[in-house]
Amino acid sequence: MKIIRTEVAVIGAGTAGMTGYRAAKAGGKRTLLIESNVYGTTCARVGCMPSKLLISAADAAHMLQAASGFGVHAGEVRIDGMAVMARVRSERDRFVGFVVESVDGYPAEDKLHGHARFLSPTQLQIDAHTLVEAERFVIATGSTPIVPDEWRAAGERVISSDAVFDWDDLPASVAVAGTGVIGLELGQALHRLGVRVTIFGRGGSVAQLSDPAVLDVARSALLEELDVRFKTKVVNVAPQGDGLAVTSEDANGDQHTEHFSYLLSAVGRRPNVHQLGLENTGLKRDHHGIPVYDKQTMQCGDSAIFIAGDANDERPQLPEAADHGRIAGENAARYPDVKPGLRRTPLAITFSEPQIATMGSGYSALCVTHAGRFAVGQVSFHNQGRSRVMLQNKGMLRVYAEYHTGRFLGAEMIGPRAENIGHLLAWAVQAGLTVEAMLDMPFYHPVVEEGVRTALRDLAHHLENAPAHDGPCVDCTPAP
């Protein structure tokens, strides 16, 4: 068996792994990048980029349908499913090509292909061909979509989001299990492209939202367009003809069986840490089997092992994975002189319509950390000027700030231009701005951001009328 000795071994060549590799190399250490699958990040291959390609096609189709609201009448709309998917795959492959080209630029001696498994805190076995001895490690093995075994048994028409982007054509119908980010984005896009879609949600959750008021508005907005079955679970899946028989059960226990071409499982992702031999590292692990780590340094305990990206199950987003990888790689290079790295303000965006964004501390988190000590302001987009002009006047923004200091803490919203508003408000949180300082900022007219000003003015009013005594947080339980 071949033996390779290195200073830093990075397991996984996705966003976190590639960033960790470059950071460790920049720190002056011999670094080995190990990958068991094809090169190319989740984002480029099966995540954020191909999904936005599909959503963009869906937006184009929807604009044609919505044009009549402006008095503009298009001709017959024809959606060419094969052309839609051909562009999705072609552009997806282009994005992947950029990633592969980057990896191809790494020195050949820095790359190793195969599945890594810890034999000890300082040794990895790569398949049956190589033993790697290293002083420090970065675990960046990513995550895998969850498809329950009982559904998978129904055959190849039970899929995860990964399979969608390899379709040659759009199917006739899709059942989507899950009302999270992936389920909503893909479900709505497919619906707008002419696919019959039903989305099943076990509870009442919508993407990353936790504020009860925003959740109510979100559910109503989505139900105006989509067939979403909240508080309904998929209880059985069986092959039926050229598709599947999907049986669902609602909150009353009533069951209903329908035929779909596919069942898309969008119920979450599982970190890829369970085949790494972590039991041989001596690391303390949580009840999910994930090593316990410091979120500021990415260090697992006091060991020379660091964990980054989806593998640590913190925030499965590309910007977070890149930050994790940089912190982990830098600390692996300087170990044992480990230092906290820059952790940016949380920002999450769902590219549904209306768009959904959360930034800073969310409502449910504040009910724990600031119970009775934060004020809430809000605005509805129903009558917001620019939103009505664009016929996108749906949604709500709720903003939060700390009593006494007036410091802006975060926000949750569903509404137009949420991807842009989310950035502005996340920057305000990270800059430590007060609500008063935010209201001193310029606001043009007419823009959707004027709705932000309205919400901040409402928030400022509540801050000026702080309760005499801290009271309990009203309705702070997570959404069903």
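This is a predicted model: local features need pLDDT of at least 70, side-chain atom pairs count only at pLDDT 80 or more; totals for chains, interfaces and linings use all residues.

Biologist: Which side chain is joined to that of His445 by a polar contact?

Modeller: A polar contact is read from the distance between N or O atoms, which must lie within 3.5 Å. The side chains of His445 and Glu450 are joined by such a contact, at 2.9 Å. Glu450 is itself among the buried residues of helix 14.

Biologist: Which residues of helix 14 are buried, and against what do they pack?

Modeller: Glu450, Gly451, Val452, Ala455, Leu456, Leu459, Ala460 and Leu463 are the buried residues of helix 14. Their packing partners are strand 20 (374-380), strand 21 (396-402), strand 22 (408-415), helix 12 and helix 13.

Biologist: What does the domain annotation cover?

Modeller: An annotation gives a range, and the model then shows what that range contains. The unreviewed UniProt entry assigns "domain: Pyridine nucleotide-disulphide oxidoreductase dimerisation" to residues 349-455. Over residues 349-455, the chain is 35% helix and 28% strand, and the end C-alpha atoms lie 19 Å apart.

Biologist: Is Asp211 buried or exposed?

Modeller: The limits are applied as before. Asp211 counts as buried because its relative accessibility is 0%. This residue, Asp211, lies in the loop between strand 10 (196-200) and helix 8. One then looks for partners: the side chains of Asp211 and Tyr400 form a polar contact of 2.6 Å. Once neighbours within four places in sequence are set aside, Asp211 is in contact with Tyr363, Arg398, Tyr400 and Glu412.

Biologist: Where is Thr179 found, and which backbone oxygen does its side chain reach?

Modeller: Thr179 occupies the loop between strand 9 (173-177) and helix 7 (181-192). Its side chain reaches the backbone oxygen of Ser205 at 2.7 Å. Thr179 has a relative accessible area of 7%, and is therefore buried. Apart from neighbours within four places in sequence, the contacts of Thr179 include Ile199, Phe200, Ser205, Val228 and Phe230.

Biologist: How is a pocket read, and which element gives the largest share of the lining of the second largest pocket?

Modeller: One takes the volume, then the lining residues, then the elements that supply them. The second largest pocket has about 710 Å³ of space. It is lined by 27 residues, of which Asp59, His62, Arg192, Glu353 and Gln392 are the closest to its centre. Helix 3 (48-66), helix 8 (212-225) and helix 12 each give two or more residues to this lining. The largest share, seven residues, comes from helix 3.

Biologist: How many cavities of 30 Å³ or more does the structure hold?

Modeller: A cavity differs from a pocket in that the probe fits but cannot get out. The structure holds one cavity of 30 Å³ or more. The largest cavity has about 40 Å³ of space. Its lining consists of Ile55, Ala58, Asp59, Glu185, Gln188, Ala189, Arg192, Phe351 and Glu353. Helix 3 and helix 7 are the elements that give two or more residues to that lining, and helix 7 gives the most, with four.

Biologist: Which residues does Ala57 touch?

Modeller: Sequence neighbours are set aside, so that contacts made by the fold stand out. Ala57, in helix 3, touches Val84 and Leu193 when residues up to four places away are not counted. The C-alpha atoms of Ala57 and Arg192 are separated by 8.8 Å, although the two residues are 135 apart along the chain.

Terms used
Residues are numbered from 1 along each chain as its sequence is written. Side-chain values use heavy atoms; hydrogens and water are left out. A polar contact is a pair of N or O atoms within 3.5 Å; within protein, one must be able to donate a hydrogen and the other to accept it, and residues adjacent in sequence count only if both atoms are side-chain atoms. Buried means under 20% relative accessible area, exposed over 50%, partly exposed in between (1.4 Å probe, protein chains only). Contact means heavy atoms within 4.5 Å. On a 1 Å grid over the protein atoms alone, a cavity is a set of points where a 1.4 Å probe fits but cannot get out, and a pocket is an open set with protein on both sides within 12 Å along at least five of seven lines; lining residues have an atom within 4 Å of a point. Grid points are joined across faces, edges and corners, and a volume is the space filled by probe spheres set on the points. UniProt positions are given in the numbering used here, feature names are shortened, and annotations may be inferred rather than shown by experiment.
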